[in-house]
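Student: Hey, could you walk me through this one? I'd like to ask things as they come up.

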Amino acid sequence: MNANPRLEAVRAVQQELATLGIDPFGVQIDRILSPVEGLIDGRHTILAGTNNYLGMTFNPDCIAAARNALETAGTGTTGSRMANGSYASHRELEHDLARFYGKRDAIVFSTGYQANLGMISALAGPGDTVLIDADSHASIYDGCRLGGANTIRFRHNDPADLAKRMRRLGAEAANALIVVEGVYSMLGDRAPLSEFVRVKQEFGAALLVDEAHSMGVLGDKGQGVVEETGVLADVEYVVGTFSKSLGNTGGFCVSDVEDLDVVRYASRPYVFTASLAPATIAATRQALRTLESAVDLRQRLRENAERLHSGLAALGFTLGAPVNAVVAVLVGDKLEALRFWDHLLKHGVYVNLMVPPATPGDVSLLRCSVSAAHTPAQIDAICAAFASWNGARA
Amino acid sequence: MNHHDVVAQLIELVTPIAEGRVELIDENTGLTSELALDSLKVMDLVVAVEDQFDISVPINALAEIRTVGDFASLIQKCVGENA
């Protein structure tokens with residue numbers, strides 16, 4: 001059978017990597033040892049690219065809750081909530097999320113990707129306008145495409161550029177949907193949410209904030225940048241994921257908007273996907289309870305982030321943003337980044353290799369995500385692995 | 001602003017981004033097929049166009065754009081909507 005010609009360009013990149021003997025996109029963790037350790041190629045490896053910000057994946061209470069749900073409610077739901085019915089626990093998780101954010105209602109999706117896809121495509125269709133930050137995650141771009149709305153990019157984290165584009169829309173601006181992220185996953189930089197809220201209010205538009213990388217991480221209660229900047233009440237839609245600080249899989253949207261429930265009927269990614277398994281829901285509900293009182297975990301995460309950030313800065317590396325749970329090291333070109341990434345792996349440290357077009361501009365990144373579960377010694381070992389690289393600093 | 005003027009301004013904007021891949025860029029030059037602009041370069045061009053013409057170009061409208069002339073027509077449409 002002939003190979004698909006559409007994949008030719010991708011195949012060429014894959015072969016180029018194979019020639020170098022490096023496969024950053026096919027890493028296999030043979031055995032997971034803890035939230036931040038695994039065996040890769042028989043080597044004990046510190047995992048510094050997991051997004052497991054609070055180390056929740058091995059939390060004993062979450063495991064017990066999942067085990068109990070597995071034994072009492074089975075392995076899966078085998079269908080979508082619209083066609084096959086919801087379990088009571090789906091709705092209970094939605095109530096938990098709404099209460100956690102102090103919002104009127106919540107909808108749960110089967111992945112974080114689908115939360116953006118499902119919300120944006122339901123809220124904005126043909127003839128509508130969505131304004132998105134240029135550095136938005138693929139799920140935001142794909143949500144716009146699925147909905148078929150006119151999609152306008154504004155310069156990254158630039159409220160003045162957003163305002164300029166809103167002005168150009170004239171009367172249409174009042175019906176527009178603005179989409180930003182609390183923290184951008186590649187560089188770990190925060191959005192100036194207060195300023196975006198001011199622009200939104202000036203034009204009477206709606207604002208959706210994706211807190212995937214900030215929920216559980218930022219704010220005293222762990223609600224994210226919306227809490228840290230005091231704008232939670234002014235944001236129409238807060239979207240998030242269970243697959244980072246909550247240590248599971250799934251996504252959600254919370255809102256005070258009266259007809260949020262109608263989104264369920266209009267959202268194809270909600271209607272046509274199997275719903276979350278009982279064990280996932282049970283573990284996520286427990287993780288949310290743990291997260292709410294996890295002041296100590298957030299404190300440890302902050303200390304670890306500061307330790308890694310200052311350690312790498314002291315080594316002369318250029319970092320993508322001020323201290324945050326995402327610490328991105330900017331590396332010269334793609335090949336250099338590839339070799340550096342492989343060097344780190346062979347020295348027992350796994351980080352994420354990020355190259356254009358997934359990164360902003362032309363920059364290649366070695367992206368670390370810090371966890372509260374890292375020990376100070378592990379953070380120092382990550383820094384030592386970076387220090388052992390003899391190549392150029394960006 | 002007529003089509004010819006827009007094409008001329010667009011060629012000025014795309015020339016540095018195309019990095020000399022085509023000696024003579026005209027209305028019929030393919031943005032990806034001949035100038036080999038990848039998705040990042042296309043976005044660089046869109047930003048430059050938006051600044052030059054004081055418009056917002058919807059990214060969903062880019063799917064149909066093949067040539068410099070196609071893009072010039074889209075710019076004219078956006079300028080008209082803005083007027």
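Student: Let's start with A:Cys253. Which residues does A:Cys253 touch, not counting residues up to four places away in sequence?

Tutor: A:Cys253 touches A:Ala106, A:Ile107, A:Ala115, A:Met119, A:Tyr237, A:Val238 and A:Val239, leaving out residues up to four places away in sequence. Touching, or being in contact, means that the C-beta atoms of two residues, placed from the backbone, lie within 7 Å.

Student: Before we go on, where do the model and the numbering come from?

Tutor: This is a predicted model, where local features need pLDDT of at least 70 and side-chain atom pairs count only at pLDDT 80 or more, while totals for chains, interfaces and linings use all residues. Residues are numbered from 1 along each chain as its sequence is written, and chains are lettered from A and ligands numbered from 1 in the order in which they are written.

Student: Ok. Which residues touch the most other members in the largest nonpolar core?

Tutor: A:Met119, A:Val130, A:Ile178 and A:Cys253 do, out of 121 residues in that core. A nonpolar core is a set of buried Ala, Val, Leu, Ile, Met, Phe, Trp, Tyr and Cys residues joined through C-beta atoms within 7 Å. A residue is buried if 20 or more other C-beta atoms lie within 10 Å of its own, exposed if 12 or fewer, and partly exposed in between, with the C-beta atoms placed from the backbone.

Student: And which domains of chain A does this core draw on?

Tutor: The core takes at least three residues from each of domain 1 (5–54 + 295–387) and domain 2 (59–292) of chain A. Those domain bounds come from an automatic or database domain assignment. Apart from this core lies another one of 18 residues, including B:Val6, B:Val7, B:Val46 and B:Phe71.

Student: How far apart are the C-alpha centres of the two domains of chain A?

Tutor: They lie 26 Å apart. Across the boundary, 18 residues of domain 1 of chain A are in contact with 16 residues of domain 2 of chain A.

Student: What does the domain 1 side use for that?

Tutor: On that side, α13 (295–314), β11 and β14 of chain A each supply at least two residues. β11(A) gives the most, with three residues. Helices (H or I, at least four residues) and strands (E, at least two) are DSSP runs, numbered from the N terminus.

Student: What classes of residue are on that side of domain 1 of chain A?

Tutor: There are eleven nonpolar, five polar and two charged residues. Here Ala, Val, Leu, Ile, Met, Phe, Trp, Tyr, Cys and Pro count as nonpolar, Asp, Glu, Lys and Arg as charged, and the others, Gly among them, as polar.

Student: Back to strand β11 of chain A. Why is it largely enclosed by the rest of the structure?

Tutor: Five of the six residues of β11(A), residues 326–331, are buried, so the strand is largely enclosed by the rest of the structure. Six bridges join β11(A) to strand β14 (residues 364–369) of chain A, and the two run antiparallel. Two strands pair if DSSP finds at least two bridges between them. A:Val329 has A:Leu366 in β14(A) as its bridge partner.

Student: New topic! How many helices and strands are in chain A?

Tutor: Chain A has 15 helices and 14 strands. Buried residues make up 53% of its 394 residues.

Student: What's the radius of gyration of chain A?

Tutor: Chain A has 21 Å, which agrees with the value near 21 Å for a compact globule with 394 residues. The radius is taken over C-alpha atoms, and the globule rule is 2.2 Å times the number of residues to the power 0.38.

Student: And chain B, how many helices and strands there?

Tutor: Chain B has three helices and zero strands. Its radius of gyration is 12 Å, close to the 12 Å that the globule rule gives for 83 residues, so chain B is as compact as a globular protein of that length. Of those 83 residues, 25% count as buried.

Student: Is B:Glu12 buried or exposed?

Tutor: B:Glu12 counts as exposed, with 12 C-beta neighbours inside 10 Å. B:Glu12 is found in helix α1 (residues 3–18) of chain B.

Student: Last one: how many residues of chain A are in contact with chain B?

Tutor: Ten residues of chain A are in contact with eight residues of chain B. On the chain A side, β6 (150–154) and α7 (159–169) each supply at least two residues. The largest share, four residues, comes from β6(A). By class, the chain A side divides into three nonpolar, two polar and five charged residues.
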